[in-house]
Amino acid sequence: MGRAGADAGAALGGLTAMGDGVTTADLTEWLREFARLVDENKDLLTELDAAIGDADHGANMHRGLTAAVAAIDEAAIDQAIATPGALFKKVGMTLVSTVGGASGPLYGTLFLRLGGALGDAEPVGPEAFAAALHAGLDGVVARGKAEAGDKTMFDALAPAVGALESALAAGEPWGAALRRASEAADAGRDATTPMLARKGRASYLGERSTGHQDPGATSTALLLTAAVTALGELPEPVGSAGGTDGTTAR
């Protein structure tokens, strides 16, 4: 079982069946929840990165998302963020400019591509959201050249996108489809532990990179957990908020 909030507890909001779709306000809550989870788990993310990287993933992501939320709040005063596209462009550009290392360009590209795919139309329906998330994944691949098994955020994001698309194609309700995506991200995160890193600084360690959970895949799993919490209704939690085994994120 991997660490860092395998599943969330009770939902903060969201839509049972999604209705006509999610709004810019709903998507903003998704980003706020992601920022909250990263803040809650920043020490863990740094600990994971210390084993195979620069020991700064938690601090970098926390700094970037704090800046992104501040940028959203500032833009809201001037009503400068009125569409999903504008929201994710603001977030993506902020992350690129404030997050160091590989995470800034990768997460920035993810949100920029997501925003470009969504554009100005709202509400955003399930299929449109899934397609936009896939566009974000394609951006991450184009930027980082990662493939399955490289021990990167791709190993959590790609299974999540695939699970969401498959669940929606099978006619599953929006909330259930999001949960499947989050579960797939969690499984992908956990699967990075035995992998030999083939990308980034971790790849310099060779065999020593095995046995460590990838920090990028871990933060990506938090992004999907945040989506379930903010955008979809959750089932009754088992025990208290935290992992499927009843543990909470450190």
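Q: Let's start with H2 and H3: which residues of the two meet?
A: On the H2 side they are Arg-63, Gly-64, Leu-65, Ala-67, Ala-68, Ala-71, Ile-72 and Ala-75, and they meet Leu-87, Lys-90, Val-91, Thr-94, Leu-95 and Thr-98 in H3. Contact here means heavy atoms within 4.5 Å. Helices (H or I, at least four residues) and strands (E, at least two) are DSSP runs, numbered from the N terminus.

Q: Before we go on, what sort of model is this?
A: It's a predicted model, where local features need pLDDT of at least 70 and side-chain atom pairs count only at pLDDT 80 or more, while totals for chains, interfaces and linings use all residues. Residues are numbered from 1 along each chain as its sequence is written, and side-chain values use heavy atoms, with hydrogens and water left out.

Q: Ok, back to H2 and H3. At what angle do they pack?
A: About 140°, with the axes 9 Å apart. Axes are lines fitted to C-alpha atoms, for helices over the stretch in contact, and angles run from 0 to 180 degrees between N-to-C directions. That angle makes H2 oblique to H3. For the wording, under 35 degrees is roughly parallel, over 145 roughly antiparallel, 65 to 115 roughly perpendicular and the rest oblique.

Q: And which hand is the crossing of H2 and H3, left or right?
A: H2 passes H3 in a right-handed crossing. A crossing is right-handed if the near helix is turned clockwise from the far one by less than a right angle, and left-handed if anticlockwise.

Q: What about H3 and H4, how do their axes cross?
A: At roughly 165°, and the axes come within 7 Å. H3 and H4 are therefore roughly antiparallel to each other, and their crossing is left-handed. Residues that meet there include Phe-88 and Val-91 in H3, and Tyr-107 and Phe-111 in H4.

Q: Zooming out, how many helices and strands are there?
A: Eight helices and zero strands. The protein has 250 residues, and 51% of them count as buried. Buried means under 20% relative accessible area, exposed over 50%, partly exposed in between (1.4 Å probe, protein chains only).

Q: New topic: how many aromatic pairs are there?
A: Five aromatic pairs. Rings of Phe, Tyr and Trp (its six-membered ring) pair if their centres lie within 6.5 Å; planes under 30 degrees apart are stacked, over 60 edge-to-face and the rest tilted. One of the pairs is Trp-30 with Phe-129, which is tilted at 5.5 Å centre to centre and 55° between the planes.

Q: Where do Trp-30 and Phe-129 sit in the chain?
A: Trp-30 is in helix H1 (residues 24–52) and Phe-129 in helix H5 (residues 126–144), 99 residues apart. Both Trp-30 and Phe-129 are buried.

Q: Which other rings form a tilted pair?
A: Phe-34 and Tyr-107 do, at 6.0 Å centre to centre with 35° between the planes. Phe-34 is in H1 and Tyr-107 in helix H4 (residues 103–118), 73 residues apart.

Q: Is Phe-34 buried or exposed?
A: Buried, with a relative accessible area of 0%. Among the residues Phe-34 touches are Met-61, Leu-65, Phe-111 and Leu-222.

Q: Last one: how many residues does the largest nonpolar core have?
A: It has 60 residues, and Trp-30, Phe-34 and Phe-129 are among those with the most contacts inside it. A nonpolar core is a set of buried Ala, Val, Leu, Ile, Met, Phe, Trp, Tyr and Cys residues joined through side-chain atoms within 4.5 Å. The largest share of this core, 10 residues, comes from H8.

Notes: Lists of a residue's contacts leave out its neighbours within four places in sequence.
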